[in-house]
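Trainee: I have just opened this one and would like a guided look. Could you walk me through it?

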Amino acid sequence: MKKLGILGAAGMVGSTMLEVLRERDLAIELYLFDVGAAVGKTVDFKGKTVVIEESREDIFDKGLDICLFAVDTPISQKFAPLAAAKGCVVVDNSSAWRMEADVPLVVPEVNGGDIAKNRGIIASPNCSTIQACVAIAPLHRALGIKRVIYSTYQSVSGAGVAGITDLARTVKGDAPQVFPYPIGGNVIPRIDVVGDDGYTGEESKMIEETRKILHSPNMKITATTVRVPVEIGHSESINLEFEKPFELDEIRKILKNAPGIIVNDDPKNEGYPTPREIAGTDEVYVGRIRRDFSAENALNIWVVADNVRKGAATNAVQIAEKLL
C-alpha cells in the first residue's frame, strides 16, 4: 500500500483534497501535515483516525510515496526539493514550479502523459487555466487553435477562505480587508499584481500555462481576469479562432466525447451552466456554444467549473491516481 500525504491538510484546498480522497477507492496509507492550531487534530478517513502532524523538514523520512501540496509558494519552494530528494513525488498546487522547464504542468484529461516525465515534482496549474484547457484541448487537437481570448468571472474562493469572508463582510456594508474594493455587489477587474505590460499575474498565468499544457509555445492568447461576487465556481467566456472550418454539431460532438466535460447547451430553454449549480462537482461544464461571425472559423463557448475541486484539489488527486 502506497503512502500518500497532504501538506497543508487543514486549509480550504487541503481539506477538499481529503474529501476527494474519501470519495475515491485508492489503496493508500494517509498522512496529514499542517501548522498552528491544526496540529494534533484528528480526522476520520475510511474508518481510521488520522492525526494531523506538524509540517517539519523530516516528515519525508516516513517513506512517503506521494505528497499533495496545498501550501503557499514559499513553503513549496522549501519543502518540495526535500521531498523529491527522499523519493517522494510532490503534486504541487502553488505557482512555485509551474513554469520550470523540467517540471510537468499537468491536467490529466489533457496531458496526463507528461506525468511520466517528472523528476520528483509535478505542478498542478492555476484554477482558471485547468478548466479552460479541459475545454479547449480537444478542440485544438481536432481543428488547430490559432488564437484564444479569455474573459473570466472568478469566484472569491480563489482567494481562499479569506475571500469568502470578505464577500460576506462587504455585502453587509463593511470595509474590505482582502480585495482592493468591496466585492459585494461589485466586480473587480484585477486579480494578482499588475505587471509592466499591464497584464495581471492571473492573466499572465493563464497565457503561459495554457501554452505549456498544450505544448504550443507560440499560441496567440490574451486574457482579462475578473473577480465577481460568487463564493464557489469560476466562469469563463472563451473565444477561439481555428485553423480549420467547422460545424457546430461537430464542436458539440467533440466536447461531449472528451473526458471530464459535460455539455449543457440549450440556451433557449435556459440550458447553460452557472457556478451555483455546478458547485461541488469535478467536471468542466460547457455551454453557449455559438459561432463568432466577426472572424473566420471562430467560436464562442462558456466554461464553468468548481475552482476548489477541479480547479485545485481534484486535479491534484487525479494526478496522484495516475502515479498510483
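**Rings and sheet**

Mentor: F60 is buried, at a relative accessible area of 3%, where buried means under 20%, exposed over 50% and partly exposed in between, with a 1.4 Å probe and protein chains only. This is a predicted model, in which local features need pLDDT of at least 70 and side-chain atom pairs count only at pLDDT 80 or more, while totals for chains, interfaces and linings use all residues. Residues are numbered from 1 along each chain as its sequence is written, and side-chain values use heavy atoms, with hydrogens and water left out.

Trainee: And F69, buried or exposed?

Mentor: F69 counts as buried, at 0% relative accessibility.

Trainee: How is the aromatic pair of F60 and F69 arranged?

Mentor: The search of the whole structure finds 4 aromatic pairs, and the one formed by F60 and F69 is stacked, at 6.4 Å centre to centre with 25° between the planes. Rings of Phe, Tyr and Trp (its six-membered ring) pair if their centres lie within 6.5 Å, and planes under 30 degrees apart count as stacked, over 60 as edge-to-face and the rest as tilted. Ring pairs also link F60, F69 and F79 into a cluster.

Trainee: Switching topic, in what order do the strands of the sheet come?

Mentor: The open sheet has 7 strands in the order β3-β4-β2-β1-β5-β6-β7, with mixed pairing. Strands (E, at least two residues) are DSSP runs numbered from the N terminus, as are helices (H or I, at least four), and two strands pair if DSSP finds at least two bridges between them.

Trainee: Over how many bridges do β5 and β6 pair?

Mentor: Strand β5 (residues 66–69) and strand β6 (residues 89–92) pair in the parallel sense over 4 bridges.
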